[in-house]
Amino acid sequence: MALKELIKQAIYSNLTTKDKTVKGKGCTNDNHQRLSAGVEDKEMDNLRKWFSDKLALGLGNKDLMEKPKVLRTLDLDGIVDYIKSGNVQNIITMAGAGISTSAGIPDFRSPTSGLYSKLCGFDLPYPEAIFEIEYFRKHPEPFFAMAKELYPKTFEPTPCHYFLRLLNKKGLLLRHYTQNVDALERVAGIPAEKLVEAHGTLHTSRCINPECRKEYDRKWMTEKILSDVVPRCEQCKAVVKPDAVFFGEPLPERFRLVEEDFPNCDLLIILGTSLVVQPFASLVDRVPPRCPRLLINFEEAGNEDPVMVVLGFSCGLQFHGADNFRDVAWLGDCDEGCFLFAEKLGWKDELNSLIENGCESEDSVETGATEST
Ligand code: OAD
Ligand code: ZN
């Protein structure tokens, strides 16, 4: 492996391990933001050059230094023009809890409405313990109590989910990677082969006894959750856990699709996530170096990692740097962002009709963005 790659991995994995103290209130993103705010651009540039010279890292990637003109403007209009140009065939979307909040499902880290702010009554050592597999094995009760309290009344996809489906209908969606376990993408009609549910799903559940692993459906689990009992396996009496991936568990097999999808991506759209949980967060670095990246979120997320910047590597999203030629942040509500996006693309009526018809209508995939714009 090249030295450059080794250094990158070593530094980055240290940081994420340390910062994976999503325990307590501190989180990766906060740390990054605090650091970047304290270092002036010029000093950063000097440091970067110094490291580049000392380590002979070959930062002089001339292509990138010349700021390729992939987007006419660094805003939503620039992204829309890029799509309309007809050169975009493979869009990857990455999502988090923010795309489901308008369906009544809380996100995790929003200060007053987020799930982690509502867990004081559960006597947890720190909020994220509720999703740690080791803690769950010993104390499953808080998870199920929380699940009951926050159980959504309905599972209705949001306009944002339907926008994702529309991208697929247009033949533009290479894959949708989601951290959400609510399965609303499935309900919205995005086909299973287009989905990677990176943190699993609540759609199915399984006995945690490795010798048994009996599967249960959502209806079975819902009844248990709503009747205040810790679900026990009918075969072996071990606890039954939803197939959501807990901290300390491996990601699903399908996550391997990252390897073949991301090198082929020509537009990355990130929606409703704070981008603090690894390895999902660092997927933004897996697209080709010229691939535009659009974030639709209330707040900026996934900002560049300042340590890596000092070393001259691009790590994370770079909205403000003078070198930015491809990252766009549209800050606001995901649904509003998707409506605006659809309108600018000339897809407004189609989006509205998908929302109106819900999951009933079948899509026949159109090909080529230009045909329908
Ligand atoms: P977070 O709660 O960390 O982040 C949600 C992001 O969406 C925040 O930046 C919010 O500001 C933003 N947001 C919320 N509602 C929005 C809306 N209507 N429009 C626009 N933005 C909105 O949730 P995730 O990033 O999904 O993992 O969290 C990642 C992982 O952390 C989860 O999958 C879960 C959690 O611990 C596990 O439990 C394993
Ligand atoms: Zn069992």
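**Strand S7 and its neighbours**

I began with strand S7 and strand S8 (residues 293–297) of this predicted model, and I found that they run parallel and are joined by four bridges; strands here are DSSP E runs of at least two residues and helices are H or I runs of at least four, numbered from the N terminus, and two strands pair if DSSP finds at least two bridges between them. Within this pairing, Ile269 stands opposite Leu294 in S8. I then looked up S1, which runs parallel to S7 and is joined to S7 by five bridges, with Thr93 opposite Ile269.

Which residues point which way from S7? I noted Leu267, Ile269 and Leu271 on one side and Leu268 and Ile270 on the other, and all are buried, where buried means under 20% relative accessible area, exposed over 50% and partly exposed in between, with a 1.4 Å probe and protein chains only. In a regular strand the side chains alternate between the two faces of the sheet.

**Notes on the model**

I kept in mind that residues are numbered from 1 along each chain as its sequence is written, and that chains are lettered from A and ligands numbered from 1 in the order in which they are written. In this predicted model local features need pLDDT of at least 70, side-chain atom pairs count only at pLDDT 80 or more, totals for chains, interfaces and linings use all residues, and side-chain values use heavy atoms, leaving out hydrogens and water.

**Helix H8**

I next checked helix H8 (residues 159–169), which is largely enclosed by the rest of the structure because 11 of its 11 residues are buried. What covers these residues includes strand S1 (91–95), strand S7 (267–271) and helix H13 (334–345). Just after H8, I saw that Gly171 takes a positive phi of about 75°.

**Gly316**

Last, I found Gly316 in the loop between helix H12 (306–310) and strand S9 (327–331), and Gly316 counts as buried at 7% relative accessibility.

How values were computed:
Contact = heavy atoms within 4.5 Å.
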